[in-house]
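I opened this notebook to record what I looked up in one structure. The entries follow the order in which I consulted it.

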Amino acid sequence: MARLLFPLPIAAAASSIHLAAARFRHPLVSVARREALFGGRAGVRAPARLATRGVSAGGSAARAGTVIGPEEALEWVKSDRRRLLHVVYRVGDLDKTIKFYTECLGMKLLRKRDIPEERYTNAFLGYGPEDSHFVVELTYNYGVESYDIGSGFGHFGIAVEDVEKTVELIKAKGGTVTREPGPVKGGKSVIAFIEDPDGYKFELIERGPTPEPLCQVMLRVGDLDRAINFYEKAFGMELLRKKDNPQYKYTIAMMGYGPEDKNAVLELTYNYGVKEYDKGNAYAQIAIGTDDVYKTAEVVRQNGGQITREPGPLPGISTKITACTDPDGWKSVFVDNLDFLKELEE
C-alpha cells in the first residue's frame, strides 16, 4: 500500500499502508484469499443498511457523508469482518533487525520495499502470509539510527512451544534476555522477556501449537474502563479477559476478534494511578481490516476517537483507508478488506 504517514523520522515516518503509489491494477480476488483474510468472521450477517446525507451510498464522494445512528453502529461494528493485519514500528538498522527476527524469533521475511524518493525502507516479517496472519512492518528511515520507545508501549507477545529452548537460542545468537524463563507473577504460564536490537521488548509465552504465534501487542492506558468501552464499541473487539493484580498494582484487559490461542490480541495495561504515558516516536500503529472505512470512521467519532485521516482512497491508488487515535492517543489505521487483498494479489 502507499504510505499513510508523513515522511518524517519522528512524528509518523513510516506508514502501515504500504504498496507503492505506482500500483494501479486491481486483479480479481480469489475466493481462497477472501476466506484466508476473513477467517471465521466471514459468515457474519451483512452490515446494516447505510444512510447518507442526501446521496446514495455508491461513490466515494457520497460515502464521505456517511451517517450511522448509535444503535445501528453497535450492530454493524460487530458484523464487520475485522482482523488485525500488521503492527508498524521504526528501527535503526533494518538488516540487523531482520537477522534477529529470522534467526532468533523464527519469523520469515515476507517482503521488503525501498522507497528512495521518500528515504525509507519497509520490511514485513511474520509466521505466515499477510492475508491470513498478523505480521510486523519494520520501517527504516534513511540516516535515523535510534528512536525513543517511550514508557507507553509495553511489548509484543510471541507464543512458543518451549520458552527455555527459545531463550537458549536467543542467548547463543547474542540476544538480550531481560527476564529468565519462569511462571508469570501470580500465575502458572511460563514466560520470558527479551529485547530486540532496538530495545523493543518481546514476551515469550509458552503455549501449544497455534495458528498465530505473533499473538500480542501490549499498550499502557490511563483509564482501563474507558479504553475497554472504546475498543468494544468503536473497534468491535471483544473483552476476552480482564485480570487485576493488586499485589503488583496493575490491571490488564485482553481485547481482540477471537480467542487468544488462535488470534493476535491487544493487551491493555493500567498501572494504578498512572493517567498518561510518554509514547516516544518509535512505535507507530496497528492496521486493521474493515469492510467499510466510511462507517468505521463515523463509529470511531461517535465513541470518542479522533479521525486523523478522513476515509477515502489513497492518492494514486484506489485503496481506501481511514486513520484514528483512541482516547489515550494510540494510533490505528483501518484498511478496506478487498482493497488489501487486491494489493497482495499484485
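**Entry 1: conventions.** I take two strands as paired if DSSP finds at least two bridges between them. Helices (H or I, at least four residues) and strands (E, at least two) are DSSP runs, which I number from the N terminus. I note that this is a predicted model, in which local features need pLDDT of at least 70 and side-chain atom pairs count only at pLDDT 80 or more, while totals for chains, interfaces and linings use all residues. Residues are numbered from 1 along each chain as its sequence is written, and side-chain values use heavy atoms, with hydrogens and water left out.

**Entry 2: the hairpin.** I looked up strand 12 (residues 238-245) and found that it pairs with strand 13 in the antiparallel sense over seven bridges. The two form a hairpin with four residues between them. In the turn, Lys-249 has a positive phi of about 60°. Leu-239 stands opposite Met-255 of strand 13.

**Entry 3: strand 13 and its other partner.** Six of the seven residues of strand 13 (residues 250-256) are buried, that is, under 20% relative accessible area, against over 50% for exposed and partly exposed in between (1.4 Å probe, protein chains only). Strand 13 also runs antiparallel to strand 14 (residues 265-271), with seven bridges joining them. Here Ile-252 stands opposite Thr-269.

**Entry 4: Thr-269.** Is Thr-269 buried or exposed? I record it as buried, because its relative accessible area is 4%. Its contacts (heavy atoms within 4.5 Å), not counting residues up to four places away in sequence, are Met-218, Leu-219, Arg-220, Val-221, Tyr-250, Thr-251 and Ile-252.

Entry 5: In which order do the eight strands of the open sheet lie? I read the order as 8-9-10-7-11-14-13-12, with mixed pairing. Strand 8 (176-183) and strand 12 stand at the edges with a single partner strand each, so one side of each has no neighbour in the sheet. The twist averages 20° from one strand to the next; axes are lines fitted to C-alpha atoms, for helices over the stretch in contact, and angles run from 0 to 180 degrees between N-to-C directions. Further along the sheet, strand 7 (residues 153-160) and strand 11 (residues 214-220) pair in the antiparallel sense over five bridges. Within that pair, Met-218 of strand 11 is the bridge partner of His-155; Met-218 is also among the residues that Thr-269 touches.

**Entry 6: a helix across the sheet.** I then followed helix 5 (residues 163-172), which lies across strand 7, strand 8, strand 9 (190-195) and strand 10 (201-206). Helix 5 runs at about 165° to strand 8.

**Entry 7: helix 7.** Eight of the 10 residues of helix 7 (residues 293-302) are buried, among them Tyr-294, Lys-295 and Glu-298. Asp-292 caps the N-terminal end, with a side-chain oxygen 2.9 Å from the backbone nitrogen of Tyr-294; I count a polar contact as a pair of N or O atoms within 3.5 Å, where within protein one must be able to donate a hydrogen and the other to accept it, and residues adjacent in sequence count only if both atoms are side-chain atoms. Just after helix 7, Gly-304 takes a positive phi of about 90°.
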